[in-house]
Amino acid sequence: MTNPVRASAEPDPGVSMLSGIGVSRGFATGPAVVVSPPPAFDPAEPVATDQPAASARVRAVLHDVADGLRARAETAPDNARPVLEAGAMIAGDPALADTIEALLATMGPTRAVHEAAGQYAALLESLGGYMAERVTDLMDVRDRAIARLSGVPEPGVPTLTEPSILVARDLAPAETALLDASLCLALVTEAGGPTSHTAILAAQLGIPAVVQVHGLAVTPGTLLAVDGGSGQVIIDPSPEVRTGFAAKQARRATMLGDSRAPGATKDGHPVALLANIGTLADAETAAAQAVEGVGLFRTEFLFLDRADAPAVAEQTATYTAVLRAFAPRHVVVRTLDAGADKPLAFADLGAEANPALGRRGLRLGRARTDLLDDQLDALAAAYAATGADLWVMAPMVATAAEAAWFAERVRARGLPRAGVMIEVPAAALRSRQVLQAVDFASLGTNDLGQYTMAADRLQGELADLLDPWQPAVLDVIAAACAGATALGKPVGVCGEAGGDPGLALVLAGLGVTSLSMATPKVRAVRTVLAAHTLAQCQEMAAAARAATGPAEARAAVLALADPVLTELL
Amino acid sequence: MASRKVIVESAVGLHARPATIFVKAVNDAGLPVQVGRPGGKLVNAGSILLVMSLGVKCGEEVELVAEGDGADAQLDHLADLLSRDLDA
């Protein structure tokens, strides 16, 4: 294997090691598969002198793009097939080819493809938000055609043919929808943060991931060794390093064990371990795992990419299926969490300068009570049909008045338990008042972090501020727990923090009664909880809060942890 | 010249999966077909981009127009497709 060219400035010929932020623990060694960035059109390209030949070439390229997408659709998993088929149809679209042909008279071929796609994108966008996915498909076809015309690799995630490590600048949900998870060993990206799509996907798949790896430039096929805990990426590892990684991987698997016991500390203080789910398919997969229920059922998937809100009957059928999959375990359903950053065609309240601070979550529910009422009616019908242990909570609650308003609507329908998400510092600080009217709370630590630190979750460069170990965030969580504990009401965590084994100990020490996470994370959390007493957890929580920064908080907890488990933390 | 008027019954309207199924049926038959709102601009029904750009919603009426051998049978087939919920 040839040595890869590295963009990193350090002249260190002995060891090629890069450092990033580990966002999903574990070790992996394998060949790199590189996700190519989308190509740009060539502004210096001349207008073709032979117009008919240029047109024939563009048409042939579009034909090849369509064939390529159709071939991938044939072997793709069911959920990925429609996107590929839609792409193939767009690439074969006669009107698109005609528009490009007309533009060839005044510009070069790559630019003509770019402009023609832009015209149709504008046309589709003018119809409203629900066309967004088709625009994405159209842009994908445009990028593939321009890549072929320019003689560079087609952008996006290539089809994996062997167990591989995916290397990309960043990963978007649309790209990874087509990923064959069984062949993906690890994810490594230059951009992204701890709550990025890369981190979430890695957690779902239970594979290691490292983000913010600067100077990452590897040729496809280069062997990589990835440590998702420390954030190390070793390029072309020596046989010794590879053996070492394999041993660490095996040790980790042994340490994790295969207990299916309910979550509890060493001295038997229960901390329920629950699953985060987002679709009916998730529910079916998670229900087979050793979890004590669902701590967060995101209902957005029912509402996305459609012109009208889903009817009560359709919602009822989905909720019933999820409740049945988990019975007799409890399921916490979060009502629709949409807003200006995730606009829905039928619930668009208009553009907002600061969507994260705008009419999202329950604020949208209060503006559009018809949507909330339909959802609660469907949940009540599903509850009546199953008698399941159903808990319903609202996202983005800030005040006691909002909590009471929501609880009244939930109870009016005979639903047994109403709760609120605590994502806004205001609600955390006054949890004793906010929780008065409801039965439980769930801490959304991702948003709570972004609002406490005033740092946009989607801004990869602010990853340090968004570190869930920030002592200020722990203080806010502590305040929320104190209020809930005083009232004797359950308070769970359903953000990413709940699945971090070290933070799980701190959260248990702060009084959290359940932890909800992507199911592959449950094993490590169960293991570390069972190895520490509640008193130890409380000591760790105090030490983390006394620290000056996130790194110090983590180090303080590690110093108090059972040394045998340090590798899991 | 054959034509049909039909109400689009797919819940999501004539886009996404229903549009894909409709356009595929047009192209599979090979006979050029035009589609649009009655009295409005007609577009090539073999173009997924133009069909979706019509923005036809559930419950709206569209007109199908074709010429040539088998036009009637083809339009009957397409009208039948549109009168069903293709997303169900």
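Good morning. In this predicted model, local features need pLDDT of at least 70 and side-chain atom pairs count only at pLDDT 80 or more, while totals for chains, interfaces and linings use all residues. Residues are numbered from 1 along each chain as its sequence is written, and chains are lettered from A and ligands numbered from 1 in the order in which they are written.

I begin with the chain. Chain A contains 21 helices and 16 strands; these are DSSP runs, helices being H or I of at least four residues and strands E of at least two, numbered from the N terminus. Of its 569 residues, 49% are buried, meaning that 20 or more other C-beta atoms, placed from the backbone, lie within 10 Å of a residue's own; 12 or fewer is exposed, and in between is partly exposed.

Next, the helix pair. In chain A, the axes of helix α18 (residues 501–510) and helix α19 (residues 522–530) come within 9 Å and cross at roughly 50 degrees. The axes are lines fitted to C-alpha atoms over the stretch in contact, with angles from 0 to 180 degrees between N-to-C directions. On the α18(A) side, Pro501(A), Ala504(A), Leu505(A) and Ala508(A) meet Ala524(A), Val525(A), Val528(A) and Leu529(A) of α19(A), contact requiring C-beta atoms, placed from the backbone, within 7 Å.

Finally, Gln433(A) lies in helix α15 (residues 431–434) of chain A. Gln433(A) is partly exposed because 16 other C-beta atoms lie within 10 Å. Its C-alpha atom is separated by 9.4 Å from that of Ala403(A), 30 residues apart along the chain. Thank you.

Note on methods. Two residues are in contact if their C-beta atoms, placed from the backbone, lie within 7 Å.
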